[in-house]
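Here's a quick walk through one model, taken piece by piece. Have the viewer open as you read.

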Amino acid sequence: MKIVACNSNLPLAEKVAVELGMPLCDVTVRRFADMEIFVEIHENVRGEDVFVIQSTCSPTNDNLMELLIMLDALRRGSARRITAVMPYFGYARQDRKSGPRTPISAKLVANILVEAGANRILTMDLHAMQIQGFFDIPVDNLYAAPLFTRDIKGRMGQEAPLPYEAPDLNIPGGPHNLMIVSPDVGGVVRARQLAQRLNVDLAIIDKRRERAGVSEVMNVIGDVRGRYCVLVDDIVDSGGSLCNAAEALMRHGAAAVEAYVTHGVLTGGAVSRIGQSPLQMLTLTDSIAKTEDVRQSHNIRQISTANLLSRAMRAVSDESSVSSLFD
């Protein structure tokens, strides 16, 4: 078993390597003067089970191309099996035709990854579950819900202390006053899973999206008066939907609002927008590496996926169950 790290999220790759107790494979990823990507693997990978860690986040096309070239290099180096570990799967929001003469780019990316040499995909919280069907190779889609459940319970003091620093979650009225909220109808299944794990109530934000990147909150389904609301989503991009949802909850009488989101894309002025919003805290995973703005933010924090990913990688390598990690 060997672990290869591309450049999109080196801190996460290093944490995964520590969890697995093995070094990262010695590779070089550099660019020519015209920005062509060049990859060189300095270790023998013939017959090895190789895991390539790369989130296809911004710059999306550069990181995707880097991954494809690394897969090709490993395939030509006669690796026995190549697993693309993609904590964040870019292009996942283009999972269907949104109008006439538009692409299904998630399917295109799936085809390219397989053609480049991937034998298996390991990812987390795909934006659309049907993307697993775009591949003719095995796809393991992990969930951040167990991490979020553990973090929330640890912050409330309901479980053993967390192995990392985290702000206390003091909910007025006690833990039963917690409420999980889906910021849109499409995320109800994800929010319901977390609500069931925590054994708390669920509310839903009904919104209408006028155009890409702009949303208008229409209604809150559920009584949130006096409740400590936690918004749950898979991706925060511009932050507009999340901030609008938080404002709507406060207008409807919520005591406070937090958010748990798997992938912090955070484009444009998202960090500033979140800092000025009613959100007391936005908790992200480290599927996308922190930017300097995120490090300096007073209400954005990250929790690590390294243990979850390393356990999944070990299970894949040992041919044991991955579904046990969903609990």
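This is a predicted model: local features need pLDDT of at least 70, side-chain atom pairs count only at pLDDT 80 or more; totals for chains, interfaces and linings use all residues.

Let's begin with the open sheet, which has five strands in the order 1-4-5-6-7 and pairs them in parallel. Which strands stand at the edges? Those are strand 1 (2-5) and strand 7 (139-142); each has a single partner strand, so one side of each is left without a neighbour in the sheet. From one strand to the next, the twist averages 20°.

Further in, strand 5 (residues 81-86) runs parallel to strand 6 (residues 120-124), and four bridges link the pair. Helix 1 (residues 10-20) lies across strand 1 and strand 4 (49-53), and its direction is at about 165° to strand 1.

**Other strand pairs**

Two more pairings are worth a look, and here they are next to the one just mentioned.

| Strand pair | Sense | Bridges |
|---|---|---|
| Strand 2 and strand 3 | antiparallel | five bridges |
| Strand 5 and strand 6 | parallel | four bridges |
| Strand 12 and strand 13 | parallel | four bridges |

Strand 2 (residues 27-31) and strand 3 are the antiparallel pair, and together they make a hairpin with five residues between them. In the turn, Met 35 has a positive phi of about 75°. Val 29 has Val 39 of strand 3 as its bridge partner.

How do the residues of strand 3 (residues 37-41) divide between a covered and an uncovered face? Ile 37, Val 39 and Ile 41 are on the covered face, while Phe 38 and Glu 40 are on the uncovered one. In a regular strand, side chains alternate between the two faces of the sheet.

As for strand 13 (residues 279-285), six of its seven residues are buried, so the strand is largely enclosed by the rest of the structure. Its Thr 283 is the bridge partner of Tyr 260.

**A buried methionine**

Now over to Met 70, which belongs to helix 2 (residues 60-76). Is Met 70 buried or exposed? Its relative accessibility is 0%, so Met 70 counts as buried. Leaving aside residues up to four places away in sequence, Met 70 touches Val 4, Cys 6, Val 27, Val 29, Val 39, Ile 41 and Val 52. Met 70 and Glu 40 are 30 residues apart in sequence, with 8.3 Å between their C-alpha atoms.

**Two helix contacts**

Two packed helices are described by the angle between their axes and the distance between the axes.

Take helix 1 and helix 9 (residues 306-318): their axes are 9 Å apart and the packing angle is about 60°. The two helices are therefore oblique to each other, and helix 1 passes helix 9 in a right-handed crossing. On the helix 1 side, Leu 12, Lys 15, Val 16, Glu 19 and Leu 20 meet Ala 306, Asn 307, Leu 309, Ser 310, Met 313 and Arg 314 of helix 9. Sorted by class, that contact has six nonpolar, two polar and three charged residues.

In the other case, the axes of helix 4 (residues 145-156) and helix 5 (residues 188-198) come within 10 Å and cross at roughly 40°. That makes helix 4 oblique to helix 5, and the crossing is right-handed. Helix 4 contributes Ala 145, Pro 146, Phe 148, Thr 149, Ile 152 and Lys 153 to the contact, and helix 5 contributes Leu 194, Arg 197 and Leu 198. Here the contact residues divide into six nonpolar, one polar and two charged.

Technical notes:
Residues are numbered from 1 along each chain as its sequence is written. Side-chain values use heavy atoms; hydrogens and water are left out. Axes are lines fitted to C-alpha atoms, for helices over the stretch in contact, and angles run from 0 to 180 degrees between N-to-C directions. Angles under 35 degrees count as roughly parallel, over 145 as roughly antiparallel, 65 to 115 as roughly perpendicular and the rest as oblique. A crossing is left-handed if the near helix is turned anticlockwise from the far one by less than a right angle, and right-handed if clockwise. Contact means heavy atoms within 4.5 Å. Ala, Val, Leu, Ile, Met, Phe, Trp, Tyr, Cys and Pro count as nonpolar, Asp, Glu, Lys and Arg as charged, and the others, Gly among them, as polar. Two strands pair if DSSP finds at least two bridges between them. Buried means under 20% relative accessible area, exposed over 50%, partly exposed in between (1.4 Å probe, protein chains only).
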